[in-house]
Amino acid sequence: MTAKSTKNSLLLFLAALIWGVAFVAQSVGMDYVGPFTFNCVRSLLGSLVLIPCVLFLAHKKAEGRESMPDQPKDVILGGILCGILLAVSTALQQIGIMYTTVGKAGFVTALYIIIVPILGIFLKKKAGVKVWISVLIALVGLYLLCMTDSFSLNKGDFLVLLCAFCFSFHILVIDHFSVRVTGVKLSCIQFFVCSAFNAIPMFLLETPRMSDICRAWAPILYAGILSCGVAYTLQIIGQKNMNPTVASLILSLESVISVLAGWVILHQTLSVREILGCILMFGAIILAQLPSRNRKN
């Protein structure tokens with residue numbers, strides 16, 4: 001593994017760590033505001049905190065210290081596509097959770113770790129045998145971690161499955177644009193678009209009140225600044241020149257971290273089955289990151 005690959009893996013793991021803890025913040029935030037209000041406000045906050053970073057990069061580029069050749073067309077198109085996919089994904093997930101268990105929703109959502117390599121076949125981004133073995137091990141780990149009852153698909157599961165497909169396309173779109181544009185700019189536009197799309201159902205289906213938003217200030221700040229502004233930017237930067245299947249495996253660790261966060265922060269208990277699921281998932285990530293004998297792979 002090269003130093004650059006190690007750095008990218010660490011950035012993706014940090015993103016998964018932030019997202020895993022964000023499940024706690026989102027759970028608390030739902031006590032005060034509706035799901036579309038929460039997603040709208042946190043996405044808007046995420047975009048606003050990135051504006052100073054965008055201006056700083058523009059200043060560096062003007063001084064000749066930033067060599068990233070951003071094409072306005074790629075930045076805008078990539079930001080819009082990522083924003084739409086992110087808005088649809090989070091909406092499907094939130095609505096789906098209303099009709100299924102959190103455990104099943106977590107498992108079905110994380111199926112993007114198998115959807116991404118399958119879609120990658122059609123995009124000429126094939127994964128090696130070692131990566132496929134890692135995917136299968138991670139799936140078993142996810143099942144042990146998230147599934148507590150018999151597996152059957154209902155309305156909620158189907159919506160969350162659609163969410164998993166949207167997240168898969170989101171990962172592949174980032175893979176396409178991350179080598180063409182600056183990650184911070186792409187992330188900033190992504191959240192403006194995501195916030196705008198969430199604003200429509202927020203005003204149509206919910207009654208957003210500033211007093212309720214202020215009461216949820218702590219989870220919204222975490223979800224907006226860290227989960228959106230920081231973590232999704234880390235994802236875009238970390239995915240640059242990285243196999244999207246391996247990236248999806250690392251990002252799927254958010255399921256493990258969410259369980260661990262619930263254990264540490266909310267004092268929820270972990271069963272032997274869940275601990276075994278965590279171990280299998282971590283093992284799958286390590287296996288996928290081991291250097292291959294074939295340099296090309």
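Which residue forms a salt bridge with arginine 209? The partner is aspartate 212, and the closest N and O atoms are 3.6 Å apart. A salt bridge here is a side-chain nitrogen of Lys or Arg within 4 Å of a carboxyl oxygen of Asp or Glu. Side chains of opposite charge can pair when their charged atoms come close.

First, some ground rules. This is a predicted model, in which local features need pLDDT of at least 70, side-chain atom pairs count only at pLDDT 80 or more, and totals for chains, interfaces and linings use all residues. Residues are numbered from 1 along each chain as its sequence is written, and side-chain values use heavy atoms, with hydrogens and water left out.

Back to the charges. The count comes to 2 salt bridges. Aspartate 212 also forms a salt bridge with arginine 215, with closest N and O atoms 3.5 Å apart. These two residues are 3 residues apart in helix 9 (residues 210–215), so about one helical turn separates them. Helices are DSSP runs (H or I, at least four residues), numbered from the N terminus. Shared partners join Arg209, Asp212 and Arg215 into one network.

How exposed are these residues? Buried means under 20% relative accessible area, exposed over 50%, and partly exposed in between (1.4 Å probe, protein chains only). Aspartate 212 has 14%, so it is buried. Arginine 209 has 47%, so it is partly exposed. Arginine 215 has 53% and counts as exposed.

Now turn to the aromatic rings. A pair of aromatic rings is described by the distance of the centres and the angle of the planes. Rings of Phe, Tyr and Trp (its six-membered ring) pair if their centres lie within 6.5 Å; planes under 30 degrees apart count as stacked, over 60 as edge-to-face and the rest as tilted. The count comes to 2 aromatic pairs. Tryptophan 19 and tyrosine 232 have ring centres 4.6 Å apart and planes at 50°, so this pair is tilted. Tryptophan 19 lies in helix 1 (residues 3–29) and tyrosine 232 in helix 10 (residues 217–238), so the pair ties together parts 213 residues apart in sequence. Both residues are buried.

Phenylalanine 191 and tyrosine 232 form an edge-to-face pair, 5.5 Å centre to centre, with 75° between the planes. Phenylalanine 191 lies in helix 8 (residues 183–205), so its pair with tyrosine 232 of helix 10 ties together parts 41 residues apart in sequence. Trp19, Phe191 and Tyr232 form one aromatic cluster.

Leaving aside neighbours within four places in sequence, serine 43 is in contact (heavy atoms within 4.5 Å) with Phe191, Cys194, Ser195 and Cys228. Serine 43 is found in helix 2 (residues 35–62). Its relative accessible area is 3%, so serine 43 is buried.

Finally, look at the nonpolar cores. Such a core is a set of buried Ala, Val, Leu, Ile, Met, Phe, Trp, Tyr and Cys residues joined through side-chain atoms within 4.5 Å. The largest has 54 residues, and Ile113 and Leu251 have the most contacts inside it. Helix 7 (residues 155–177) gives the most to this core, with 8 residues. A second, separate core has 9 residues, including Val173 and Leu186.

Leu251 belongs to helix 11 (residues 244–251). Helix 11 is mostly covered, with 8 of its 8 residues buried. Leaving aside neighbours within four places in sequence, leucine 251 is in contact with residues including Leu12, Trp19, Tyr112 and Ile171.
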